[in-house]
Amino acid sequence: MGIILPVRANFIDGAISPASNLLLSEVIGALSYALDMTEGQPPGHSIRCCYIGMSIGKKLNLTHQQQWDLYYTLLLKDAGCSSNAARLYELYGGDERIFKRDFKTVDMNDFKQVSKFVINHVGVGEGFLTKLKRLVDVGKNSEEYATELIETRCERGADIAKRLGFNDAIADGIRYLDEHWDGNGKPYRKSGHAIPIASQIALLAQVADVFFMSAGKKSSLEQVSHRSGSWFNPELANVFKSLSGDMKFWSDLGTNDLQQKIMALEPASLAMKVSEERLDDITAAFGMIVDAKSSFTYNHSSRVALYTDLIAAKFGYSQMHRSYLRRAALMHDIGKLGVSNNILDKPGKLTDEEWVVMRGHSRATEEILSHLTPFAEMAKMAGAHHERLDGKGYPYGLSDEEIHMDTRIITTADIFDAITAERPYRGAIPVDQTLEIMKKECGTSIDRIVYDALTKVVAELGLK
Ligand SMILES: [Fe+2]
Ligand SMILES: [Fe+2]
């Protein structure tokens, strides 16, 4: 027997556009903003890389299929980036997002630059001895660590592409992103034309955008020219040089509506709408990207989605409403990709400043999902998962009726999983104890009706 919800919580199916109205390029383009955050790149990095790379691809007269593969390789080149964040923090300390961002501007053949980078980015904020220990360790094992980190990122990125429903060419485009034309890249030391053309173009586009955004177009062009023949295929570097003479190329790159513009760059004959099943796969894959960021969030998004769905079933929600809610639950913490692991994995109490950053994740979730117009409602709903009925939550301090029943369900599932999971500063708490803790929160942070539904779900799942 289902639980009868108050009228205000009823869901209007028409409020949510069916997935069939969405283009695949629209969905992947919007969610690529989440990947930019993980890499510490300015928002729109993946979109700009797509613009740069597709402009090169068109000049090379690639076939439509090659262009299509290139298009999604460019948007998803950083899909594996969250998987090495925790390890990077473990090895080098500090804010791994800053480390990743600044590392992309270092010329690895320049000993002075490399040394300066290491001294400035290893053990940041740590005591002298800890930093020294790290420096000695990194000095001895730098090559091994770099290969391990890049391999994790490349293989995970290729795996995510497959889970998103893309072909082997796109998975390989991502897998070989860090290979260099001269064979000195990582991790497989491929060289020349053995490197897929999509990977060759994506690496060039990445370098071009990193320097364009950090130092301007002159620097972007200089870096591409400087690495021609070592990092890059000289033919591609020449194409980029010819593109860079066009003022429109640079002005397009700086426009706010580039997300819309790049949709026209996908070969029209291969553009496709997203099916309901594909949208499920996409949200599940992005949930995995979020969960991979920290060992303490391992499978968190997928468990929250499961509990959310089962609670919604108790309320007799329609199948469409349940899948909508499952997708929102899978992506509720997508904004955590912008929080560094020195905060997420910190074994002790967070400082006030660190809490501000941590709290920012729910607003970031709202921002990322808002890049997709039909997700506007979902963005608000998922972004409100840390709001409380008593108005003491964040980011907006909403209260009571301002918090939608859908949000209350995700919040309850989220709190349950957060308490039962192991945290950096404590072990996992048993289920019966968790339910007792949550019961005391009914009426303040947790909706009692949703709590009652959760207890039934937990009993049926046999969780202990
Ligand atoms: Fe959260
Ligand atoms: Fe969460």
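**Entry 1: the core**

I opened this predicted model and went looking for its largest nonpolar core, which has 107 residues. I noted the members with the most contacts inside this core: Ala-161, Leu-204, Phe-286 and Ile-311. Next I looked up where the largest share comes from, and helix H9, residues 197-215, gives twelve residues. I also checked the domains: domain 1 (7-16 + 275-461) and domain 2 (23-83 + 153-270) both give residues to this core, so the core lies between them.

**Entry 2: two helices side by side**

I turned to helix H21 (residues 431-440) and helix H22 (residues 448-461). Their axes come within 11 Å and cross at roughly 175°. Are H21 and H22 roughly parallel or roughly antiparallel? An angle over 145 degrees counts as roughly antiparallel, and therefore I wrote down H21 and H22 as roughly antiparallel to each other.

I listed who makes the contact. From H21 there are Val-431, Leu-435, Met-438 and Lys-439, and from H22 there are Tyr-451, Thr-455 and Val-458. Sorted by class, I have five nonpolar residues, one polar and one charged.

- The bond from Lys-186 to Pro-187 is cis, with omega near -5°.
- I located Pro-395 in the loop between helix H19 (376-383) and helix H20 (405-420).

Another reminder to myself: most residues other than glycine have a negative phi. I wrote down two residues that go the other way.

Asn-61 has phi near 55°, and I found this residue in the loop between helix H2 (45-59) and helix H3 (64-76). Is Asn-61 buried or exposed? I read off 8 C-beta neighbours inside 10 Å; the cut-off for exposed is 12 or fewer, so Asn-61 counts as exposed.

Asp-400 has a positive phi of about 35°. Asp-400 sits in the loop between H19 and H20, where I had already placed Pro-395. With 10 C-beta neighbours inside 10 Å, Asp-400 counts as exposed too.

Definitions and conventions. Residues numbered from 1 in each chain as written. Chains lettered and ligands numbered in written order. Predicted model: local features only at pLDDT ≥ 70, side-chain atom pairs only at ≥ 80, totals over all residues. Core = buried A, V, L, I, M, F, W, Y, C linked by C-beta atoms within 7 Å. Buried ≥ 20, exposed ≤ 12 C-beta atoms within 10 Å, placed from the backbone. Helix = DSSP H or I, 4+ residues; strand = E, 2+ residues; numbered from the N terminus. Domains from an automatic or database assignment. Axes fitted to C-alpha atoms, helices over the stretch in contact; angles between N-to-C directions. Parallel < 35°, antiparallel > 145°, perpendicular 65-115°, else oblique. Contact = placed C-beta atoms within 7 Å. Nonpolar A, V, L, I, M, F, W, Y, C, P; charged D, E, K, R; others polar.
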